[in-house]
Amino acid sequence: MEKGQDHGASGPARQKVCIVGASGKLGQYMVQHALDRGYEVAGVCRETSVPKLDAFRGRITLHPGATDDREVIKRAVDGCDAVLTVLVPRGVHGYATGTAQAVLDHAQPGARLVFSCGWHITLDGRDVYSWKIKALVKVAGPLARLARFADLDDQVEACRRVFASGTRWTVVRGSDLEEGDSQGLPVWSRHVGDPILHSNRTRRIDFALFMVEAIGNDDLVHEAPAIVGRQTLSALAHASATPGP
Ligand SMILES: NC(=O)c1ccc[n+]([C@@H]2O[C@H](COP(=O)([O-])OP(=O)(O)OC[C@H]3O[C@@H](n4cnc5c(N)ncnc54)[C@H](OP(=O)(O)O)[C@@H]3O)[C@@H](O)[C@H]2O)c1
């Protein structure tokens, strides 16, 4: 796919969405959901990952480059009504923070901004974490940093900047993920530790669905929903315990 070339059909009323981190597993699902909904799609991914998007050739505009490259992001988000960003704390050089800051700075005013991260991110400090999540952050986190593989604090800082921004943001906090067919739109809660989230499992395809659906859901502006699959035991138990209309 040629750099910056428009491969998609265009129409005057079509909304344009940029997907930052389009070549990853979550990103590819988001591309598909966005196309299914009729959005014009622009994507950003590392140069080496361009072939991972071959299946979408001719249907999206691709901007190859690092997602924390401000010039790449500036071009990619130009004219976009929404930007969906995969925040990945890879390496120890503030990759997620640089990515988030570039999107915050260059997205057009009023654009809908949706970011992905994990349950370990907290908006108001009122999340209640299991020992497993605490261990992951306290033990695996420093080990990953020591190996210069990943830096969880980078995603924390990225989200802190998003929360403090004056943009129309949503930060979607993913549970543990699995592959498989869609089970529909995940359910969510404001706080990790709430019973509905107990199963801690979401299909990746549905995480992507939640990200794309958030574009049109103004109730999610300035929220950090923690999500879980709608067919999980905890979600079903919550649904059966909740009185109907
Ligand atoms: N994995 C989980 O269980 C889990 C749980 C909760 C939340 N999440 C969240 O879900 C989102 C997607 O995560 P995922 O684990 O499912 O992976 P993913 O969708 O495959 O995304 C990984 C991303 O990291 C990029 N990447 C890989 N190596 C890199 C490197 N060395 N330098 C820079 N970028 C690199 C990939 O780009 P390329 O395509 O160019 O390699 C891709 O965009 C993240 O926001 C994560 O925090 C994940």
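Helices (H or I, at least four residues) and strands (E, at least two) are DSSP runs, which I number from the N terminus. The model is predicted, so I keep in mind that local features need pLDDT of at least 70, that side-chain atom pairs count only at pLDDT 80 or more, and that totals for chains, interfaces and linings use all residues. Residues are numbered from 1 along each chain as its sequence is written.

Entry 1, helix 2. I call a residue buried if 20 or more other C-beta atoms lie within 10 Å of its own, exposed if 12 or fewer, and partly exposed in between. In helix 2 (residues 70-77) I found Val72, Ile73, Ala76 and Val77 to be buried. They line one face of the helix, because they fall within an arc of 110 degrees when seen down its axis, the arc being that of the directions from the axis to the C-beta atoms. Their cover includes strand 1 (16-20), strand 2 (40-45), strand 3 (60-64), strand 4 (82-86) and helix 3 (95-106). After helix 2 comes Gly79, with a positive phi near 75 degrees.

I found 23 residues around the ligand, with Ser23, Gly24, Leu26, Ser49 and Gly174 the closest; a residue is near if its C-beta atom lies within 6 Å.

I located Asp194 in the loop between strand 8 (187-189) and strand 9 (202-203), and it counts as partly exposed because it has 16 C-beta neighbours inside 10 Å.

How values were computed: Contact = placed C-beta atoms within 7 Å.
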